Amino acid sequence: MISSEIDIDIRFSETDAMGVVWHGNYLKFFEDGREAFGRKFGLEYLDIHAKGFVTPIVKSEIDHKAPVYYGQVIKVITKYVPTKSAKIQFEYEVINVTTGQVCATGKTMQVFLDRDSRELELISPDFYKEWKAQYDI
């Protein structure tokens, strides 16, 4: 399984009235993880867009396990999940670097849409097949 990691400093604006990272921010952290993955493995959103596709998220899951507070640091580990379907799946582990605790886990699923018509692609685009072959996925 191929994966990437990114460290994120928790900002005050990411916390709620209790001083805990607001639960909705974890989807942003997953996005940061996907962008880091794309940079590392050549699967960036702008590249996908240039090939004529967009990849909206159609499913997301988050399991919250421990709090994270302002001033702490998290590590987002993003793992690519192979599939034969025309979709991109990732699993995430968010670790509080400050405490060493796993604070969240999650998954996302993206599909391919034609950039212009917004029609669903039922077969993986050629560039995606080539990308998967490059990493023997």
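Visitor: Does Tyr-128 count as buried or exposed?

Guide: Relative accessible area decides this, with buried meaning under 20%, exposed over 50% and partly exposed in between (1.4 Å probe, protein chains only). Tyr-128 has 0% relative accessibility and therefore counts as buried, and Phe-112, also at 0%, is buried as well. Bear in mind that this is a predicted model, in which local features need pLDDT of at least 70 and side-chain atom pairs count only at pLDDT 80 or more, while totals for chains, interfaces and linings use all residues. Residues are numbered from 1 along each chain as its sequence is written, and side-chain values use heavy atoms, leaving out hydrogens and water.

Visitor: How many aromatic pairs does the structure hold?

Guide: Rings of Phe, Tyr and Trp (its six-membered ring) pair if their centres lie within 6.5 Å, and planes under 30 degrees apart count as stacked, over 60 as edge-to-face and the rest as tilted. The structure holds 17 such pairs. One of them joins Phe-41 and Tyr-135 edge-to-face, at 5.3 Å centre to centre and with 85° between the planes. Because Phe-41 lies in helix α1 (residues 25-41) and Tyr-135 in the segment after α3 (126-134), this pair ties together parts that are 94 residues apart in sequence; helices (H or I, at least four residues) and strands (E, at least two) are DSSP runs numbered from the N terminus. Phe-41, at 10% relative accessibility, is buried, whereas Tyr-135, at 25%, is partly exposed.

Visitor: Why is the pair of Phe-112 and Tyr-128 tilted?

Guide: The ring centres of Phe-112 and Tyr-128 are 4.9 Å apart and their planes stand at 55°, so the pair is tilted. Phe-112 sits in the loop between β6 (102-111) and β7 (113-114), and Tyr-128 in helix α3, so parts 16 residues apart in sequence are tied together. Both pairs belong to one aromatic cluster, whose members include Phe-41, Phe-112, Tyr-128 and Tyr-135.
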